[in-house]
Amino acid sequence: MSFAYITEEGARIQKKGDKFIVGRNLETIMEIPAEILEGLVLIESVQVSSQAMVALLQQGIPVTWISSMGKFFGRLESTQHVNVTKHKQQMLVQDTPFAIELSKKIIAAKVHNQIVILRRYNRHKQSNEISTIISNILATRKNINSATSKEQIMGYEGIIARLYFEALGKIVSDPFTFKKRSKQPPRDAVNSMLSFGYTLVMYELYTAIENNGLHPYFGFMHALKNHHPALASDLLEEWRAVIVDSMVLALIQHNEIKLEHFQKSETNGGVYLTRDGRSIFLRAYEKKMRTVNKYEESKKSYRYALNKHVNLFSQALTTLDTGAYLPIFIR
């Protein structure tokens, strides 16, 4: 099975026989057998013919459009999985003990995974500053269990996030630098990669959420607001460090990506991956998503694990039993 990322500007996707053909002008760039295509991510101005759209919808293959800056444009997805009973339940659990307890579980897992990443890299670096930050994170983490509202939980999460990214900046090696998280726009190469990676994982979760009959915009932890898939954001939290942060650090540490793979936008001053940089990043991302996740009994890929966890959330929501949801804890 295959996920395809189409980055060729001006490319066009057509359906011919049992294949999807990606071409530009009169040239064929690639042919993808329909039976192995799991999903399409289209970057910038890629066209899809009406015949190809119908085939993608019929076969339940999700299509996501994003900009070269990592901004989400939209999706093409069948509505055959919509389950209004689950949507109603998602609305009813807002601000209930169920939502608070589940938020605690997910943030506890997120913080644990962040600490593991910091400790893993600090074994070689032996930085007292990073050790002190880890101690401060651990001290703050104790408050999460006694929190009585989502606002309190997110408040502690915010404090820990600032500490975590401060420590991450001390791990990032030259010539890259990272002082703090910046998002819209990302102000440096590391922020650019983090934002792009989080966007990719979020919209993989978005697909899994819709395939489970859930509504991606009714979350249980992040505040509800227009144009924000709150449930995808909620379920992304425990995966950020596991999938994206560790991959970004590895790309830098192994010199797979360089500063020349980034460019500064004259429009908003943000720093973004070049076309070559995106190709390097997407190859690493796809490799990561296909890596066997050794932290769970099933030992399947991270992509499989994302889908499994959305299914676990669906079970927890249906039964109103937070015990049915088991976040990922790396070692």
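I take a helix axis as a line fitted to C-alpha atoms over the stretch in contact, with angles running from 0 to 180 degrees between N-to-C directions. The model I am reading is predicted.

Entry 1, H3 and H4. I looked up how helix H3 (residues 97-125) meets helix H4 (residues 128-141): their axes come within 10 Å and cross at roughly 165°. Angles over 145 degrees count as roughly antiparallel, so H3 is roughly antiparallel to H4. I noted a left-handed crossing for this pair. On the H3 side I listed the contact residues Val111, His112, Ile115, Leu118, Arg119, Asn122 and Lys125. Their partners in H4 are Ile130, Ser131, Ile134, Ile137, Leu138 and Arg141. By class, this contact has 7 nonpolar, 3 polar and 3 charged residues.

I then turned to helix H5 (residues 150-171), which packs with H3 at an angle of about 15°, the axes being 11 Å apart. H3 and H5 are therefore roughly parallel. H3 passes H5 in a left-handed crossing. Among the H3 residues in this contact I found Ile100, Ile107, Val111, Leu118 and Tyr121; H5 contributes residues including Ile153, Ile160, Tyr164 and Leu168. I recorded 13 nonpolar, 2 polar and 6 charged residues for the contact of H3 with H5.

Which residues of helix H1 (residues 50-58) are buried? I found Ala52, Ala55 and Leu56. They lie on the same side of H1, because they cover an arc of only 100° around the axis. I checked what these buried residues pack against: strands S2, S3, S5, S6, S7 and S8. Just after H1, I noted that Gly60 has a positive phi of about 65°.

Notes: Residues are numbered from 1 along each chain as its sequence is written. This is a predicted model: local features need pLDDT of at least 70, side-chain atom pairs count only at pLDDT 80 or more; totals for chains, interfaces and linings use all residues. Side-chain values use heavy atoms; hydrogens and water are left out. Helices (H or I, at least four residues) and strands (E, at least two) are DSSP runs, numbered from the N terminus. Angles under 35 degrees count as roughly parallel, over 145 as roughly antiparallel, 65 to 115 as roughly perpendicular and the rest as oblique. A crossing is left-handed if the near helix is turned anticlockwise from the far one by less than a right angle, and right-handed if clockwise. Contact means heavy atoms within 4.5 Å. Ala, Val, Leu, Ile, Met, Phe, Trp, Tyr, Cys and Pro count as nonpolar, Asp, Glu, Lys and Arg as charged, and the others, Gly among them, as polar. Buried means under 20% relative accessible area, exposed over 50%, partly exposed in between (1.4 Å probe, protein chains only). The arc is that of the directions from the helix axis to the C-beta atoms.
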